[in-house]
Amino acid sequence: MTQPKPLNLPFDPIDRAAESWRAHFGPSAAMAAVTSIMRAHQILLSQLDALLKPYGLTFARYEALVLLTFSRAGALPLSKIGERLMVHPTSVTNTVDRLEKSGFVRRLPNPRDGRGVLAEITESGRDVVRRATGDLMAAEFGLSMYAEDELQAMFDQLRTLRVAAGDFAGSSMRQDEEHGGLL
C-alpha cells in the first residue's frame, strides 16, 4: 500500500500541542483527541485513495459504487445516495458525474418521481467494485496494525459520537423498505 510521506518528526506534534494547550487554556484531552482523529483521517484517506487510483476511483466514488452494489436494484435516487453517504447534494452530483464518465454508472429517470434521477451501477462498475474491494480488504483498509477487537472498540467509540451528532437513533437499525438491505 502506498503510504503518505512519513514526517519522521523527533516528537509527537499533537502531544506537544496538547502540552501547550494545557499551559495556555486548560484541559487538552478533547483537543488532542479531535486533532488525532483529523490526522488519522488525512492518513487513511491518502492511503485509500492511493489504493483506488489505479481503478480511476477515489474513496468517495468507491463508497457510492458500493452503496449501489448493496441496493436491491443496483440503482438509487441521487437524494438517497446523498442521505446514505451523508454528503451534500452537490457532492453527489459531482461523484455521479465522474462515475458516469468512467462508465461505472448511468443515470435513469426515476419511475417513482417524474423529476427525479436514479444512478444505476453498470456491469463495469460492479467489476471495478469487486477488484478494488479485493485490494482494500488485502490492505485491511489501512488499519492492519489493529486487532479485530481493537477495530470493534474503535467503531463503538466513534459510533457514540455519530449518535450524539444525530446521524441516526442509536438503537434503531431498520430495513430500508424501498431499496432493500440495511441501507
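This report describes the salt bridges and a charged surface patch in a predicted model.

## Salt bridges within the chain

The count of salt bridges comes to six. One of them joins the side chains of E83 and R84, with an N to O distance of 2.4 Å. E83 is partly exposed, because its relative accessibility is 46%. R84 has a relative accessible area of 19% and is therefore buried, since the cut-off for that class is under 20%.

The closest N and O atoms of D127 and R131 are 3.0 Å apart. D127 counts as partly exposed at 32% relative accessibility, and R131 counts as partly exposed at 42%.

## A link between helix α5 and strand β2

The side chains of R107 and D97 form a salt bridge at 2.7 Å, N to O. This pair links distant parts of the chain, ten residues apart: R107 belongs to strand β2 (residues 105–109) and D97 to helix α5 (residues 89–101). R107 is partly exposed, with 27% relative accessibility; D97 is also partly exposed, with a relative accessible area of 32%.

Salt bridges also connect D97, E100 and R107 in a network.

## Negative surface patch

E140, E148, D149 and E150 form a negative surface patch. E148 counts as exposed because its relative accessibility is 64%, and the cut-off for exposed residues is over 50%.

Terms used. Residues numbered from 1 in each chain as written. Predicted model: local features only at pLDDT ≥ 70, side-chain atom pairs only at ≥ 80, totals over all residues. Heavy atoms only, no water. Patch = residues over 30% accessible without salt bridge, like charges linked within 9 Å, V, L, I, M, F, W, Y side chains within 5 Å. Areas by Shrake-Rupley, 256 points an atom, 1.4 Å probe, with all protein chains shown as cover. Salt bridge = Lys/Arg side-chain N within 4 Å of Asp/Glu carboxyl O. Lys, Arg positive; Asp, Glu negative; His and termini not counted. Charge placed at Lys NZ, Arg CZ, Asp CG, Glu CD. Buried < 20%, exposed > 50% of the residue type's maximum accessible area, 1.4 Å probe, protein only. Helix = DSSP H or I, 4+ residues; strand = E, 2+ residues; numbered from the N terminus.
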